[in-house]
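Here is a short report for a first look at a protein model. Please keep the sequence and the 3D view open while reading.

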Amino acid sequence: MLKDLKRSSPTGFKITLKSIRDGRKQTLSECLKKEFRLTINILRAIISGDVFEGICGLTIDKDSYPKWDPLTLW
């Protein structure tokens, strides 16, 4: 699992971690609404273009080395 996290988008990882932490204090309904909004905004590339970069890196370029933006968060 740690290996998979290292390959993931730094932006996506940070968004996921914050969502999990925030979700501890939310109802299921609130969590689902937030998850829906996040998903829509990520797919629209409003938050980050990393989803498309990850898809291209794995399926089109087949190099398995997506060029994340930013490359790291620390």
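## Surface and overall form

The accessible surface of the protein comes to about 6100 Å². Carbon and sulfur atoms hold 63% of that surface. Accessible areas come from the Shrake-Rupley method with a 1.4 Å probe, and for residues only the protein chains shown count as cover. Of the 74 residues, 19% count as buried. Buried means under 20% relative accessible area, exposed means over 50%, and partly exposed lies in between (1.4 Å probe, protein chains only).

This is a predicted model, where local features need pLDDT of at least 70, side-chain atom pairs count only at pLDDT 80 or more, and totals for chains, interfaces and linings use all residues. Residues are numbered from 1 along each chain as its sequence is written, and side-chain values use heavy atoms, with hydrogens and water left out.

The C-alpha atoms fill a box of roughly 40 × 25 × 20 Å, taken along the principal axes. Among contacts with a separation of 6 or more, 39% join residues 24 or more positions apart. Contact means heavy atoms within 4.5 Å.

## The helices

The protein has four helices and zero strands. Along the sequence the pattern is α-α-α-α. Helices (H or I, at least four residues) and strands (E, at least two) are DSSP runs, numbered from the N terminus.

Helix α2 has 14 residues. Its first and last C-alpha atoms lie 20 Å apart, close to the 20 Å expected at 1.5 Å a residue. The expected span is 1.5 Å times one less than the number of residues. The buried residues of α2 are P10, T11, I15, S19 and G23. They pack against α3 and α4.

Helix α3 covers residues 28-43, 16 residues in total. Its end C-alpha atoms are 22 Å apart, in agreement with the 22 Å it should span. Just after α3, A45 takes a positive phi of about 65°.

## The second largest pocket

About 150 Å³ of space lies in the second largest pocket. A pocket is an open set of points on a 1 Å grid over the protein atoms alone, where a 1.4 Å probe fits, with protein on both sides within 12 Å along at least five of seven lines. Grid points are joined across faces, edges and corners, and the volume is the space filled by probe spheres set on the points.

The lining is S9, T11, G12, I15, I42, S48, D50, V51, G54, I55 and W68. Lining residues have an atom within 4 Å of a point. Helices α2 (10-23) and α4 (50-60) each give two or more residues. The largest share, four residues, comes from α4. By type, the lining divides into five nonpolar, five polar and one charged. Ala, Val, Leu, Ile, Met, Phe, Trp, Tyr, Cys and Pro count as nonpolar, Asp, Glu, Lys and Arg as charged, and the others, Gly among them, as polar.

## T11, S48 and D69

T11 is found in helix α2. T11 is buried, with a relative accessible area of 15%. Leaving aside neighbours within four places in sequence, T11 contacts S48, D50, D69, P70 and L73.

S48 sits in the loop between α3 and α4. S48 is buried too, at 11%. Beyond four places in sequence, S48 contacts T11, I42 and D69. The C-alpha atoms of S48 and W68 are separated by 9.4 Å. D69 follows in the segment after α4. D69 is exposed, at 61%, and touches T11, S48 and D50, not counting residues up to four places away.
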